[in-house]
Amino acid sequence: MDFERFFRERLGELKAEGRYRIFADLERQAGRYPRALWRERPDGPAREVTIWCSNDYLAMGQHPDVIAAMQEAIANQGAGAGGTRNIAGTTHGHVMLERELAAWHGKDAALLFTSGYVSNEATLGVLARHLPNAIVYSDAQNHASMIAGIRNSRTEYHIFRHNDAQHLRELMTAADRKRPKIIAFESVYSMDGDIAPIAAICDVAQEFGALTYLDEVHAVGMYGPAGAGIAERDRVAQRIDVIEGTFAKAFGLIGGYIAGSSALVDFVRSYAPGFIFTTSLPPAIVAGVRASLAVIRGAQDLRARHQERARTLKSRLTAIGLPVMPNDSHIVPVKVGDPGACKTISDRLLRGHGHYAQPINYPTVPKGTERLRFTPSPLHDDAMIDSLAYALDACWRELSLPVAV
(Lines give C-alpha, C1' and ligand atoms only; values in the text may rest on other atoms or scores of the structure.)
Protein backbone atom coordinates (compact mmCIF):
# COMPACT_ATOMS: atom_id res chain seq x y z
CA MET A 1 0.00 0.00 0.00
CA ASP A 2 1.13 3.53 -0.77
CA PHE A 3 0.76 4.92 2.74
CA GLU A 4 1.88 8.46 1.91
CA ARG A 5 -0.63 8.69 -0.94
CA PHE A 6 -3.41 7.53 1.37
CA PHE A 7 -2.53 10.18 3.96
CA ARG A 8 -2.36 12.94 1.32
CA GLU A 9 -5.68 11.95 -0.23
CA ARG A 10 -7.50 11.90 3.08
CA LEU A 11 -6.03 15.27 4.04
CA GLY A 12 -7.08 16.59 0.65
CA GLU A 13 -10.65 15.54 1.39
CA LEU A 14 -10.60 17.54 4.62
CA LYS A 15 -9.28 20.59 2.80
CA ALA A 16 -11.89 20.29 0.04
CA GLU A 17 -14.67 20.18 2.65
CA GLY A 18 -13.27 23.19 4.50
CA ARG A 19 -12.62 21.06 7.59
CA TYR A 20 -8.81 21.02 7.56
CA ARG A 21 -7.58 22.47 10.84
CA ILE A 22 -4.85 25.09 10.93
CA PHE A 23 -3.39 26.00 14.29
CA ALA A 24 -2.88 29.67 15.09
CA ASP A 25 0.71 30.43 16.17
CA LEU A 26 0.01 32.40 19.36
CA GLU A 27 2.23 33.75 22.12
CA ARG A 28 0.36 34.57 25.29
CA GLN A 29 1.55 37.58 27.29
CA ALA A 30 1.23 37.42 31.06
CA GLY A 31 -0.56 40.51 32.32
CA ARG A 32 -2.07 41.39 28.94
CA TYR A 33 -4.71 38.68 28.50
CA PRO A 34 -6.81 38.46 26.31
CA ARG A 35 -4.14 40.03 24.12
CA ALA A 36 -1.60 37.73 22.47
CA LEU A 37 1.01 37.85 19.74
CA TRP A 38 0.14 36.05 16.48
CA ARG A 39 2.49 35.03 13.69
CA GLU A 40 1.14 34.05 10.30
CA ARG A 41 4.48 32.36 9.60
CA PRO A 42 6.91 30.96 12.19
CA ASP A 43 9.67 33.26 10.92
CA GLY A 44 7.37 36.21 10.28
CA PRO A 45 6.62 39.32 12.32
CA ALA A 46 4.40 39.17 15.40
CA ARG A 47 1.09 41.04 15.55
CA GLU A 48 -1.04 41.66 18.61
CA VAL A 49 -4.53 40.13 18.47
CA THR A 50 -7.45 39.60 20.86
CA ILE A 51 -8.27 35.99 21.74
CA TRP A 52 -11.99 35.18 21.87
CA CYS A 53 -12.03 31.37 22.03
CA SER A 54 -9.76 30.50 24.94
CA ASN A 55 -10.86 28.06 27.63
CA ASP A 56 -8.91 30.09 30.20
CA TYR A 57 -12.32 31.44 31.15
CA LEU A 58 -11.33 33.49 34.20
CA ALA A 59 -7.80 34.45 33.04
CA MET A 60 -6.32 32.43 35.92
CA GLY A 61 -3.46 31.36 33.66
CA GLN A 62 -1.86 34.76 34.33
CA HIS A 63 -2.93 35.29 37.94
CA PRO A 64 0.04 36.45 40.06
CA ASP A 65 -0.69 33.91 42.82
CA VAL A 66 -0.69 31.04 40.30
CA ILE A 67 2.53 32.14 38.65
CA ALA A 68 4.28 32.68 41.99
CA ALA A 69 3.21 29.25 43.27
CA MET A 70 4.51 27.54 40.13
CA GLN A 71 7.82 29.40 40.23
CA GLU A 72 8.33 28.46 43.88
CA ALA A 73 7.50 24.80 43.18
CA ILE A 74 10.02 24.60 40.34
CA ALA A 75 12.69 26.28 42.44
CA ASN A 76 12.10 23.91 45.36
CA GLN A 77 11.10 20.63 43.68
CA GLY A 78 12.40 20.78 40.11
CA ALA A 79 10.51 20.23 36.88
CA GLY A 80 8.88 16.79 36.76
CA ALA A 81 7.15 14.46 39.20
CA GLY A 82 9.64 11.68 38.49
CA GLY A 83 7.24 8.84 37.78
CA THR A 84 3.75 7.44 37.99
CA ARG A 85 1.76 7.98 41.16
CA ASN A 86 2.73 4.49 42.31
CA ILE A 87 6.41 4.89 41.49
CA ALA A 88 7.78 8.03 43.18
CA GLY A 89 5.27 10.38 41.50
CA THR A 90 3.04 11.18 44.48
CA THR A 91 4.21 14.45 46.02
CA HIS A 92 2.79 16.09 49.10
CA GLY A 93 1.13 18.61 46.76
CA HIS A 94 -0.77 15.81 44.98
CA VAL A 95 -2.06 14.50 48.28
CA MET A 96 -3.18 17.93 49.49
CA LEU A 97 -4.81 18.91 46.19
CA GLU A 98 -6.89 15.74 46.15
CA ARG A 99 -8.06 16.48 49.70
CA GLU A 100 -8.94 20.06 48.75
CA LEU A 101 -10.87 19.01 45.65
CA ALA A 102 -12.86 16.41 47.58
CA ALA A 103 -13.82 18.97 50.22
CA TRP A 104 -14.72 21.52 47.53
CA HIS A 105 -17.24 19.12 45.99
CA GLY A 106 -18.46 17.72 49.30
CA LYS A 107 -17.11 14.25 48.51
CA ASP A 108 -14.99 11.78 50.46
CA ALA A 109 -12.09 11.57 48.00
CA ALA A 110 -10.66 12.82 44.70
CA LEU A 111 -8.13 11.55 42.18
CA LEU A 112 -5.87 13.53 39.83
CA PHE A 113 -5.31 12.73 36.16
CA THR A 114 -3.05 14.25 33.51
CA SER A 115 -6.00 15.73 31.59
CA GLY A 116 -9.76 15.99 31.60
CA TYR A 117 -9.85 13.67 28.59
CA VAL A 118 -7.91 10.99 30.45
CA SER A 119 -10.05 11.33 33.58
CA ASN A 120 -13.22 10.72 31.56
CA GLU A 121 -11.84 7.93 29.38
CA ALA A 122 -10.14 6.10 32.25
CA THR A 123 -12.94 6.41 34.81
CA LEU A 124 -15.92 5.63 32.60
CA GLY A 125 -13.96 2.84 30.93
CA VAL A 126 -13.00 1.09 34.15
CA LEU A 127 -16.41 1.47 35.80
CA ALA A 128 -18.35 0.18 32.79
CA ARG A 129 -15.90 -2.65 32.18
CA HIS A 130 -15.78 -3.96 35.74
CA LEU A 131 -19.35 -3.51 36.97
CA PRO A 132 -20.90 -6.92 36.18
CA ASN A 133 -23.19 -6.89 33.12
CA ALA A 134 -23.48 -3.10 33.28
CA ILE A 135 -25.39 -0.80 30.94
CA VAL A 136 -24.27 2.77 30.26
CA TYR A 137 -26.69 5.54 29.29
CA SER A 138 -24.93 8.43 27.56
CA ASP A 139 -26.27 11.84 26.57
CA ALA A 140 -26.29 12.33 22.79
CA GLN A 141 -23.94 15.32 23.02
CA ASN A 142 -21.39 13.94 25.45
CA HIS A 143 -17.73 14.82 24.90
CA ALA A 144 -15.49 12.57 22.80
CA SER A 145 -13.54 11.55 25.91
CA MET A 146 -16.67 10.19 27.57
CA ILE A 147 -17.66 8.36 24.40
CA ALA A 148 -14.16 6.86 24.14
CA GLY A 149 -14.29 5.54 27.69
CA ILE A 150 -17.72 4.01 27.18
CA ARG A 151 -16.83 2.39 23.85
CA ASN A 152 -13.47 1.11 25.07
CA SER A 153 -15.20 -0.66 27.94
CA ARG A 154 -17.00 -2.85 25.36
CA THR A 155 -20.07 -2.88 27.53
CA GLU A 156 -23.64 -2.31 26.39
CA TYR A 157 -24.58 1.33 26.05
CA HIS A 158 -27.55 3.40 24.93
CA ILE A 159 -27.71 7.05 23.87
CA PHE A 160 -30.54 9.20 25.20
CA ARG A 161 -31.72 12.35 23.47
CA HIS A 162 -29.83 15.42 24.57
CA ASN A 163 -30.95 16.65 28.00
CA ASP A 164 -34.10 14.52 27.72
CA ALA A 165 -34.74 12.88 31.10
CA GLN A 166 -38.00 11.34 29.89
CA HIS A 167 -36.26 9.55 27.01
CA LEU A 168 -33.64 8.35 29.49
CA ARG A 169 -36.42 6.92 31.66
CA GLU A 170 -37.97 5.15 28.66
CA LEU A 171 -34.65 3.53 27.75
CA MET A 172 -34.00 2.40 31.30
CA THR A 173 -37.51 1.02 31.68
CA ALA A 174 -36.80 -1.39 28.82
CA ALA A 175 -33.76 -2.90 30.59
CA ASP A 176 -33.47 -5.53 33.29
CA ARG A 177 -33.81 -3.63 36.57
CA LYS A 178 -31.25 -5.90 38.23
CA ARG A 179 -28.41 -4.91 35.90
CA PRO A 180 -26.03 -2.17 37.14
CA LYS A 181 -26.56 1.11 35.29
CA ILE A 182 -24.42 4.22 34.76
CA ILE A 183 -25.79 7.55 33.54
CA ALA A 184 -23.08 9.74 31.97
CA PHE A 185 -23.78 13.38 31.15
CA GLU A 186 -22.36 16.91 31.29
CA SER A 187 -23.52 20.00 33.12
CA VAL A 188 -22.56 22.70 30.59
CA TYR A 189 -22.25 21.53 26.98
CA SER A 190 -19.46 23.55 25.47
CA MET A 191 -20.57 23.80 21.84
CA ASP A 192 -24.21 24.91 22.36
CA GLY A 193 -23.72 26.28 25.87
CA ASP A 194 -26.90 24.68 27.21
CA ILE A 195 -27.18 23.26 30.74
CA ALA A 196 -28.36 19.80 31.75
CA PRO A 197 -31.47 19.24 33.91
CA ILE A 198 -29.35 17.61 36.59
CA ALA A 199 -32.11 17.19 39.17
CA ALA A 200 -34.45 15.51 36.67
CA ILE A 201 -31.71 13.11 35.56
CA CYS A 202 -30.92 12.33 39.20
CA ASP A 203 -34.60 11.55 39.74
CA VAL A 204 -34.40 8.93 36.99
CA ALA A 205 -31.16 7.57 38.42
CA GLN A 206 -32.74 7.22 41.85
CA GLU A 207 -35.77 5.47 40.36
CA PHE A 208 -33.59 2.82 38.71
CA GLY A 209 -30.72 2.68 41.19
CA ALA A 210 -28.21 4.00 38.65
CA LEU A 211 -24.78 5.50 39.27
CA THR A 212 -24.53 9.12 38.12
CA TYR A 213 -21.41 10.45 36.37
CA LEU A 214 -21.33 14.21 35.76
CA ASP A 215 -18.74 15.99 33.62
CA GLU A 216 -18.42 19.55 35.01
CA VAL A 217 -15.35 20.65 33.04
CA HIS A 218 -17.02 23.77 31.60
CA ALA A 219 -18.63 24.70 34.92
CA VAL A 220 -16.11 24.18 37.74
CA GLY A 221 -14.77 27.51 38.89
CA MET A 222 -17.62 29.48 37.32
CA TYR A 223 -20.90 28.46 38.91
CA GLY A 224 -22.06 27.98 42.47
CA PRO A 225 -21.32 29.94 45.69
CA ALA A 226 -17.82 28.48 45.92
CA GLY A 227 -17.40 27.90 42.20
CA ALA A 228 -17.77 24.11 42.46
CA GLY A 229 -20.02 23.91 39.38
CA ILE A 230 -23.64 23.64 38.30
CA ALA A 231 -24.27 20.77 40.71
CA GLU A 232 -23.27 23.04 43.59
CA ARG A 233 -25.31 25.93 42.19
CA ASP A 234 -28.41 23.74 41.87
CA ARG A 235 -27.79 22.06 45.26
CA VAL A 236 -27.70 18.56 43.79
CA ALA A 237 -24.01 17.69 44.21
CA GLN A 238 -24.84 15.17 46.92
CA ARG A 239 -26.95 13.25 44.37
CA ILE A 240 -24.02 12.81 41.97
CA ASP A 241 -21.82 9.74 42.48
CA VAL A 242 -18.88 10.94 40.34
CA ILE A 243 -18.08 14.58 39.59
CA GLU A 244 -15.39 15.00 36.94
CA GLY A 245 -13.54 18.24 36.29
CA THR A 246 -10.53 19.77 34.61
CA PHE A 247 -7.81 22.28 35.40
CA ALA A 248 -7.53 23.30 31.73
CA LYS A 249 -10.38 25.78 31.74
CA ALA A 250 -11.37 28.02 34.66
CA PHE A 251 -8.22 26.99 36.58
CA GLY A 252 -6.02 28.16 33.70
CA LEU A 253 -3.67 25.15 33.70
CA ILE A 254 -3.85 21.48 32.68
CA GLY A 255 -5.00 18.22 34.23
CA GLY A 256 -8.21 16.53 35.31
CA TYR A 257 -9.79 14.84 38.30
CA ILE A 258 -12.75 12.93 39.68
CA ALA A 259 -14.42 13.26 43.08
CA GLY A 260 -16.66 10.68 44.73
CA SER A 261 -16.88 8.18 47.55
CA SER A 262 -13.70 6.77 49.06
CA ALA A 263 -14.42 3.26 47.76
CA LEU A 264 -15.24 4.39 44.22
CA VAL A 265 -12.21 6.64 43.91
CA ASP A 266 -9.94 3.96 45.36
CA PHE A 267 -11.39 1.44 42.89
CA VAL A 268 -10.56 3.72 39.95
CA ARG A 269 -7.11 4.38 41.41
CA SER A 270 -6.45 0.66 41.71
CA TYR A 271 -7.92 -0.59 38.41
CA ALA A 272 -7.81 2.14 35.73
CA PRO A 273 -4.85 1.71 33.32
CA GLY A 274 -5.16 5.35 32.24
CA PHE A 275 -4.27 6.36 35.77
CA ILE A 276 -1.90 3.58 36.82
CA PHE A 277 0.50 3.75 33.87
CA THR A 278 0.72 7.53 33.36
CA THR A 279 3.41 9.80 34.80
CA SER A 280 1.81 12.14 37.31
CA LEU A 281 1.33 15.88 36.98
CA PRO A 282 4.50 17.94 37.60
CA PRO A 283 4.73 19.58 41.04
CA ALA A 284 4.62 23.05 39.49
CA ILE A 285 1.27 22.30 37.82
CA VAL A 286 -0.12 20.95 41.09
CA ALA A 287 1.09 24.03 42.96
CA GLY A 288 -0.49 26.29 40.35
CA VAL A 289 -3.80 24.45 40.57
CA ARG A 290 -3.83 24.71 44.36
CA ALA A 291 -3.20 28.46 44.14
CA SER A 292 -5.89 28.81 41.47
CA LEU A 293 -8.39 26.86 43.57
CA ALA A 294 -7.69 29.09 46.57
CA VAL A 295 -8.58 32.14 44.49
CA ILE A 296 -11.56 30.56 42.72
CA ARG A 297 -13.32 29.46 45.91
CA GLY A 298 -13.84 33.09 46.93
CA ALA A 299 -14.09 34.68 43.48
CA GLN A 300 -17.79 35.60 43.47
CA ASP A 301 -17.05 39.03 41.98
CA LEU A 302 -14.96 37.48 39.21
CA ARG A 303 -17.71 34.99 38.40
CA ALA A 304 -20.31 37.77 38.31
CA ARG A 305 -18.15 39.86 35.97
CA HIS A 306 -17.61 36.82 33.74
CA GLN A 307 -21.33 36.18 33.39
CA GLU A 308 -22.00 39.86 32.73
CA ARG A 309 -19.41 39.93 29.93
CA ALA A 310 -21.04 36.90 28.28
CA ARG A 311 -24.50 38.49 28.50
CA THR A 312 -23.16 41.76 27.10
CA LEU A 313 -21.53 40.05 24.11
CA LYS A 314 -24.67 38.02 23.38
CA SER A 315 -26.79 41.16 23.54
CA ARG A 316 -24.43 43.15 21.32
CA LEU A 317 -24.23 40.47 18.62
CA THR A 318 -27.96 39.78 18.72
CA ALA A 319 -28.70 43.49 18.34
CA ILE A 320 -26.90 43.61 14.98
CA GLY A 321 -28.79 40.56 13.72
CA LEU A 322 -26.20 37.81 14.10
CA PRO A 323 -27.60 34.30 14.75
CA VAL A 324 -26.46 33.84 18.34
CA MET A 325 -27.50 30.42 19.61
CA PRO A 326 -29.43 31.08 22.86
CA ASN A 327 -28.35 29.50 26.14
CA ASP A 328 -28.01 30.28 29.84
CA SER A 329 -24.26 29.79 30.15
CA HIS A 330 -21.08 31.74 29.44
CA ILE A 331 -20.67 30.18 25.97
CA VAL A 332 -21.51 32.48 23.02
CA PRO A 333 -21.97 30.36 19.85
CA VAL A 334 -22.79 32.11 16.58
CA LYS A 335 -24.14 29.78 13.92
CA VAL A 336 -22.64 29.97 10.43
CA GLY A 337 -23.94 26.69 9.00
CA ASP A 338 -21.24 26.16 6.39
CA PRO A 339 -17.67 24.92 6.99
CA GLY A 340 -16.08 27.01 4.23
CA ALA A 341 -17.79 30.21 5.35
CA CYS A 342 -16.91 29.47 8.96
CA LYS A 343 -13.23 29.14 8.08
CA THR A 344 -13.35 32.26 5.89
CA ILE A 345 -14.85 34.39 8.65
CA SER A 346 -12.28 33.12 11.14
CA ASP A 347 -9.46 34.00 8.74
CA ARG A 348 -10.85 37.46 8.00
CA LEU A 349 -11.39 38.23 11.67
CA LEU A 350 -7.79 37.34 12.42
CA ARG A 351 -5.99 38.82 9.43
CA GLY A 352 -8.21 41.82 8.83
CA HIS A 353 -9.44 42.80 12.27
CA GLY A 354 -7.09 41.29 14.85
CA HIS A 355 -9.68 39.02 16.50
CA TYR A 356 -9.01 35.31 16.91
CA ALA A 357 -11.90 32.80 17.08
CA GLN A 358 -11.30 29.29 15.80
CA PRO A 359 -13.94 27.83 13.43
CA ILE A 360 -15.91 24.94 14.92
CA ASN A 361 -16.72 22.40 12.20
CA TYR A 362 -17.65 18.72 11.88
CA PRO A 363 -16.98 16.33 13.63
CA THR A 364 -16.89 18.61 16.70
CA VAL A 365 -20.42 19.71 15.79
CA PRO A 366 -22.94 18.16 13.35
CA LYS A 367 -22.71 19.13 9.69
CA GLY A 368 -24.86 22.15 8.95
CA THR A 369 -24.35 23.62 12.43
CA GLU A 370 -20.82 24.98 11.92
CA ARG A 371 -20.20 27.95 14.14
CA LEU A 372 -17.86 30.41 15.77
CA ARG A 373 -17.69 29.94 19.53
CA PHE A 374 -16.83 32.98 21.64
CA THR A 375 -15.84 32.79 25.30
CA PRO A 376 -15.42 36.30 26.70
CA SER A 377 -13.46 36.57 29.92
CA PRO A 378 -13.80 39.12 32.73
CA LEU A 379 -10.99 41.06 31.01
CA HIS A 380 -12.70 41.56 27.63
CA ASP A 381 -13.77 45.19 27.86
CA ASP A 382 -16.53 47.10 26.04
CA ALA A 383 -14.15 48.41 23.38
CA MET A 384 -13.08 44.87 22.51
CA ILE A 385 -16.71 43.74 22.31
CA ASP A 386 -17.65 46.67 20.07
CA SER A 387 -14.66 46.03 17.81
CA LEU A 388 -15.55 42.34 17.47
CA ALA A 389 -19.20 43.15 16.73
CA TYR A 390 -18.17 45.58 13.99
CA ALA A 391 -15.79 43.04 12.46
CA LEU A 392 -18.33 40.20 12.54
CA ASP A 393 -21.00 42.41 11.00
CA ALA A 394 -18.62 43.31 8.18
CA CYS A 395 -17.75 39.66 7.53
CA TRP A 396 -21.41 38.63 7.53
CA ARG A 397 -22.25 41.30 4.96
CA GLU A 398 -19.26 40.50 2.76
CA LEU A 399 -20.30 36.82 2.57
CA SER A 400 -24.06 37.63 2.33
CA LEU A 401 -24.81 35.23 5.17
CA PRO A 402 -28.32 35.02 6.65
CA VAL A 403 -29.05 37.07 9.76
CA ALA A 404 -31.41 36.42 12.64
CA VAL A 405 -34.98 37.58 12.13
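**Figure 1. Strand S8 and the directions of its side chains.** In this predicted model, Leu211, Tyr213 and Asp215 point one way from strand S8, while Thr212 and Leu214 point the other way. Side chains in a regular strand alternate between the two faces of the sheet. Every one of these five S8 residues is buried. Strand S8 covers residues 211-215, and with five of its five residues buried, the strand is largely enclosed by the rest of the structure. The partner shown is strand S7 (residues 181-186), which pairs with S8 in the parallel sense over five bridges. Within this pairing, phenylalanine 185 has leucine 214 of S8 as its bridge partner.

**Figure 2. Leucine 264 in helix H9.** Leucine 264 lies in helix H9, which runs over residues 262-271. Its relative accessibility is 13%, and the cut-off for buried is under 20%, so leucine 264 counts as buried. Apart from residues up to four places away in sequence, leucine 264 touches Leu211 and Val242. Leu211 belongs to the set that points one way from S8 together with Tyr213 and Asp215. A further residue for orientation is leucine 112: it is 152 residues from leucine 264 in sequence, and the C-alpha to C-alpha distance between the two is 14 Å.

**Figure 3. Strand S14 between two covered faces.** Strand S14 (residues 371-374) has Arg371 and Arg373 on one side and Leu372 and Phe374 on the other. All four are buried, and both faces of the strand are covered.

**Figure 4. Glutamine 307 in helix H12.** Helix H12 spans residues 300-319 and contains glutamine 307. Is glutamine 307 buried or exposed? At 16% relative accessibility, glutamine 307 counts as buried, because the cut-off is under 20%. Setting aside neighbours within four places in sequence, glutamine 307 is in contact with Met222, Tyr223, Ser329 and His330.

**Figure 5. The open sheet S1-S2-S3-S12.** This open sheet is made of four strands in the order S1-S2-S3-S12, and its pairing is mixed. Strands S1 (25-28) and S12 (355-356) stand at the edges with a single partner strand each, so one side of each is left without a neighbour in the sheet. The partner of S1 is strand S2 (residues 35-39); the two run antiparallel and are joined by four bridges. Glutamate 27 has leucine 37 in S2 as its bridge partner.

**Figure 6. The whole chain, for placing the close-ups.** The chain contains 14 helices and 14 strands. Its radius of gyration is 22 Å, close to the 22 Å from the globule rule for 405 residues, so the chain is as compact as a globular protein of that length. The C-alpha trace spans about 60 × 55 × 55 Å along its principal axes. Of the 405 residues, 53% count as buried. Among contacts with a separation of 6 or more, 71% are between residues 24 or more positions apart. The accessible surface is about 18100 Å², and carbon and sulfur atoms account for 53% of that surface. The chain carries 45 positive and 45 negative side chains, with the centres of the two sets 1 Å apart.

Notes: Residues numbered from 1 in each chain as written. Predicted model: local features only at pLDDT ≥ 70, side-chain atom pairs only at ≥ 80, totals over all residues. Heavy atoms only, no water. Rg over C-alpha atoms; globule rule 2.2 N^0.38 Å. Buried < 20%, exposed > 50% of the residue type's maximum accessible area, 1.4 Å probe, protein only. Contact = heavy atoms within 4.5 Å. Areas by Shrake-Rupley, 256 points an atom, 1.4 Å probe, with all protein chains shown as cover. Lys, Arg positive; Asp, Glu negative; His and termini not counted. Charge placed at Lys NZ, Arg CZ, Asp CG, Glu CD. Pairing = 2+ DSSP bridges.
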